[in-house]
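Trainee: I'm new to this structure and would like to go through it with you. Could we look at it together?

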Amino acid sequence: RGRQYNGVNPEGRDGFVRFSELVQYFLKLEGTSGRNALVEILAELFMRTPTEDVPPTAYLLQGRLAPYFEPVEIGLGNNYVADAIARAFGSDRATVLERFDRLGDIGEAAAEIAAESGSSPAPTRAPPVREIFDRLLEIARTTGAGSVGAKVETFASLLGELDPLSCNYLCRVPLGRMRLGVGDPTVLDAFSFAKVGDRSLRKGLERAYSETSDLGLVGKTLWEGGIEAVECLGVRVGNPVRPALAERLPSAEAIIAKLGRAAVERKYDGFRCQVHKAGDDIKIFSRNLEDMTASFPEIAEGARRQVVAGTAIFEGEALAYNPLSDEYLPFQQTVRRRRKHGVEETAAELPLRLFAFDILYADGERVMERSYTERHAILEHAVEAGDTILISEAHTTGEPEELLEVFNDSIQHGLEGIVAKRPDSPYQAGARNYNWVKLKRAQAGNLQDTVDCVIVGYIYGRGRRTAFGVGALLVATYDPERDVFPTVTKIGTGLSDVQWREVRERCEPYVSERKPARVESNIEPSVWVEPQVVIEMLADEITRSPVHPTGADEGGQGYALRFPRLVSFRQEDKKPEDVTTVTEIVELYNQQGARTTP
Ligand code: ATP
């Protein structure tokens, strides 16, 4: 560490990294229980990685062949991967699957069978990462009739060229089981360490990543042109932008005190959509940057008809709305539209409207730095009046009473509350700050809002609940700065039998033998779970507590949720890194008792 590196690997070999070498790093990452060690291992890997290999390495670390938002899939499930293993090592599908059942992991089954077959190639011929990556991409791009046979064949030939450990990791790619426990901010830190020996580039890298959502692109740009080039990367049509998020304040008075004047909009209770338009080409991304275009055909069509700007990136909330009665349908109805099947029928039965509330890019120009007020005007110009896309109305005021009027009106329309916006604020990708402040209807608990957490373990219970294998859940918040998940509470009561069963089923694929490296906990649960399953919770209050590391000070006093209750599973629209942050928990703690809104 501390060694300077400028694109030439420290051993003096400047060619490439072999796939067999890459998997040695994967193995190290998996065996690590601390977050700093993850950064060190990755920095060492990236110090050796030449420019062209940076994107393949960054994507493979996430078990992918492209950035998250590009739906590039290999298209081989368990059975076909088993066929490929059988083909590569002279076995048959049944034998491979039997081994898979016994070991519980197809990668391990592949490694065992490869080792037994004794056909391991000489290490000197081991293929470079780049080559393996290109051939995997080729498999993903093979489509059409009879393509499965060709995919299996290419995958088998790849396996035949690799050592057993490489076979293990290779099989995880098509099955989406890479799970090295590495978060995006950790990769960005590693980029920075690899280039300058410390974290100083993180901020610039993070901004570029928030605007392009492509780790490979950010890395490659850094390798090619340094941080100056990265600073020139910005939003582009087709790449989802990390959404700006809202803070909370407990009352109308507090909001006006903080913002002075505020543009108050209804808070629509639907799906957040980010619409990208280039001519007739429309893409719609979700809150967690997934491509949802196929699920919302009427909104894509509406964008084609109503958006007059040639190119645009704008945001809104999609929900079912009846313009005649001015009624919004409840979220439970809208949510049916998340299903991927029968899209056309449900779209006809329950057409969605988009309430557009912000614009980031219009007619080839980035407008994120313009004020909210200017952006709203640009939005009104970019979108023509019509019945699919409506512009969210804003009422600007400096009076708490007027803000409350909009709030009450919104509640009467069956909505959740309001979002108050600072009129002179820019659009900051991925930032949660007081540019936007949400005020919601009071909830059943005493806390002003629900909290999203991620499950990191469970503790076996006694008595009746053992039937479901879980007695209490250990859950965590997120610290985006350090890219770690510190625990914040245990949920032990209040879950129905059905919920327990669902918890068990959802956590099952993520059970981990050891504490996942990014989890911080003083409690040792019966079973660790990789942070993947996101739940929404209500709690009575937040207390200071030495038990949980969320927000812990030097004396070890952290924060804990008291009497937490499960509200819903949020895995579909939130990634683990989207859960409530440590800072938000501390703010909620400080706001307790200040609530005055009905
Ligand atoms: P978050 O998205 O902030 O993590 P969350 O999923 O719990 O939190 P809420 O607390 O309900 O969501 O509020 C924020 C969300 O409200 C935004 O992400 C957006 O989807 C939605 N929203 C609805 N109406 C508006 C509006 N007029 N302006 C901005 N956002 C709005």
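Trainee: Is the crossing of α2 and α3 left-handed or right-handed?
Mentor: Keep in mind that this is a predicted model. Helix α2 covers residues 35-47 and helix α3 residues 54-61, and their axes come within 11 Å. Where these two helices cross, the handedness is right-handed.

Trainee: How are α2 and α3 oriented to each other, and why?
Mentor: Their axes cross at roughly 155 degrees. Angles over 145 degrees count as roughly antiparallel. α2 and α3 are therefore roughly antiparallel.

Trainee: Which residues of α3 make the contact with α2?
Mentor: By class, this contact has five nonpolar residues, one polar and no charged ones. From α2 come Leu42, Leu45 and Phe46, and their partners in α3 are Val54, Thr57 and Leu61.

Trainee: What about α4 and α8: how are they oriented to each other?
Mentor: Helix α4 spans residues 78-89 and helix α8 residues 147-160, with axes 8 Å apart. They pack at an angle of about 50 degrees, and their crossing is right-handed. The angle of about 50 degrees means that α4 and α8 are therefore oblique.

Trainee: Now the ligand, please. Which residue has a polar side-chain atom 2.5 Å from an oxygen atom of the ligand?
Mentor: The ligand is surrounded by 19 residues, and the closest include Arg287, Glu317 and Lys267. Glu265 has a polar side-chain atom 2.9 Å from a nitrogen atom of the ligand, while Tyr268 has a polar backbone atom 3.0 Å from a ligand nitrogen. The side chain 2.5 Å from a ligand oxygen belongs to Lys267.

Definitions and conventions:
Residues are numbered from 1 along each chain as its sequence is written. This is a predicted model: local features need pLDDT of at least 70, side-chain atom pairs count only at pLDDT 80 or more; totals for chains, interfaces and linings use all residues. Side-chain values use heavy atoms; hydrogens and water are left out. Axes are lines fitted to C-alpha atoms, for helices over the stretch in contact, and angles run from 0 to 180 degrees between N-to-C directions. Helices (H or I, at least four residues) and strands (E, at least two) are DSSP runs, numbered from the N terminus. Angles under 35 degrees count as roughly parallel, over 145 as roughly antiparallel, 65 to 115 as roughly perpendicular and the rest as oblique. A crossing is left-handed if the near helix is turned anticlockwise from the far one by less than a right angle, and right-handed if clockwise. A residue is near a molecule or strand if one of its heavy atoms lies within 4 Å of it. A polar contact is a pair of N or O atoms within 3.5 Å; within protein, one must be able to donate a hydrogen and the other to accept it, and residues adjacent in sequence count only if both atoms are side-chain atoms. Contact means heavy atoms within 4.5 Å. Ala, Val, Leu, Ile, Met, Phe, Trp, Tyr, Cys and Pro count as nonpolar, Asp, Glu, Lys and Arg as charged, and the others, Gly among them, as polar.
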